[in-house]
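Subject: Structure for you to look at

Hello,

Here is the structure I promised to pass on. Please open it and keep it in view while you read.

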Amino acid sequence: MFRTGTIALLLFVPVMFLGACSHEEKEMQSQLDSIRLMVKQSAVLAVQAACSPPESRPDMIKASVTMLRRAMGGPEMEMIHKMMGQMPDSSDGTMPMKSAMVGDKKGKHAAQMKIHVAIHDAGEYVFELLDSLGGDKSPTCKDMQPAQLAATAALIRERQGADMDRLQQQLDQRSKHFMRSDIPDTVGQLVQALGRI
């Protein structure tokens with residue numbers, strides 16, 4: 001027959017476990033929020049680079065790349081990967097093992113995993129846009145209009161409030177309005193990815 005102290009201990013252990021899980025979830029979400037903001041900032045810089053005069057464009061590209069590498073390869077991302085039991089990203093910020101990111105069999109961290117993948121997608125599309133700048137088929141400033149609006153809307157989503165929500169939705173709608181059939185794929189993909197983070 002169980003003693004009262006034994007029963008209390010058995011009840012306390014699950015509570016401790018749930019508390020630890022809750023703390024881990026909050027910590028993981030905090031790291032993801034930091035990474036997401038940096039990726040959005042790098043996207044804004046990349047868009048500005050496309051519309052910058054030739055003499056300042058290299059500086060804007062460098063700023064965007066620096067911010068993006070910090071986001072994808074910094075201590076926050078390293079912590080996320082440790083929590084999820086994943087291998088770290090490669091040195092250039094890409095994640096070749098992304099296809100394996102499906103969570104564990106119990107679905108642990110499933111919501112955070114979805115956000116994680118969306119952040120990596122957005123980061124990869126920012127890299128692709130940056131690679132295209134200065135090339136033979138570099139997007140024009142006019143091409144960048146939907147991405148400019150989408151990046152601004154993505155940043156505004158970081159601020160809570162009814163007014164901010166309305167403004168973000170308006171910018172997202174304007175972004176879709178400026179999408180044309182001849183918009184470069186690098187721009188269209190980035191616009192869609194920014195809408196998911």
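Below is what turned up in it, topic by topic. One caution before you start: this is a predicted model.

The core

Start with the largest nonpolar core. It holds 40 residues, and V39 and L194 touch the most other members. Which helix gives the largest share? Helix 1 does, with eleven residues.

Now click on V39. Leaving out residues up to four places away in sequence, V39 touches L68, A71, M72, I119, A122, G123 and I197. As background, nonpolar side chains in soluble globular proteins tend to be buried together.

Helix 7

Is helix 7 mostly covered or mostly uncovered? It is mostly covered, as seven of its ten residues are buried. Those buried residues are T186, V187, G188, L190, V191, A193 and L194.

Two partners of helix 7 follow. Take helix 4 first. The axes of helix 4 and helix 7 come within 9 Å and cross at roughly 155°. An angle over 145 degrees counts as roughly antiparallel, so helix 4 is roughly antiparallel to helix 7. The crossing is left-handed. On the helix 4 side, the contact is made by D121, A122, Y125, V126, E128, L129 and S132. On the helix 7 side, T186, V187, Q189, L190 and A193 take part.

Next comes helix 5. Its axis lies 9 Å from that of helix 7, and the two pack at an angle of about 20°. Angles under 35 degrees count as roughly parallel, so helix 5 and helix 7 are roughly parallel to each other. Helix 5 also passes helix 7 in a left-handed crossing. From helix 5, the residues P146, A147, A150, A151 and A154 meet V187, V191 and L194 of helix 7.

Look at V187 again. V187 is buried.

The loop between helix 4 and helix 5

D143 lies in this loop. Is D143 buried or exposed? It is buried, because its relative accessible area is 10% and the cut-off for buried is under 20%. D143 touches R180, I183, P184 and V187, not counting residues up to four places away in sequence. Now compare D143 with M179. They are 36 residues apart in sequence, yet their C-alpha atoms are 8.4 Å apart in space.

The disulfide

How many disulfides does a search of the whole structure find? It finds one. C51 and C141 form it, with their sulfur atoms 2.1 Å apart. This pair links distant parts of the chain, 90 residues apart. C51 sits in the loop between helix 1 and helix 2, while C141 sits in the loop between helix 4 and helix 5. The torsion about the S-S bond is about 105°, so the disulfide is right-handed.

C51 has a relative accessible area of 29%, so it is partly exposed. C141 is at 40% and also counts as partly exposed.

Best wishes

Conventions
Residues numbered from 1 in each chain as written. Predicted model: local features only at pLDDT ≥ 70, side-chain atom pairs only at ≥ 80, totals over all residues. Heavy atoms only, no water. Core = buried A, V, L, I, M, F, W, Y, C linked by side-chain atoms within 4.5 Å. Buried < 20%, exposed > 50% of the residue type's maximum accessible area, 1.4 Å probe, protein only. Helix = DSSP H or I, 4+ residues; strand = E, 2+ residues; numbered from the N terminus. Contact = heavy atoms within 4.5 Å. Disulfide = S-S within 2.5 Å. Axes fitted to C-alpha atoms, helices over the stretch in contact; angles between N-to-C directions. Parallel < 35°, antiparallel > 145°, perpendicular 65-115°, else oblique. Left-handed = near helix turned anticlockwise from the far one by under 90°.
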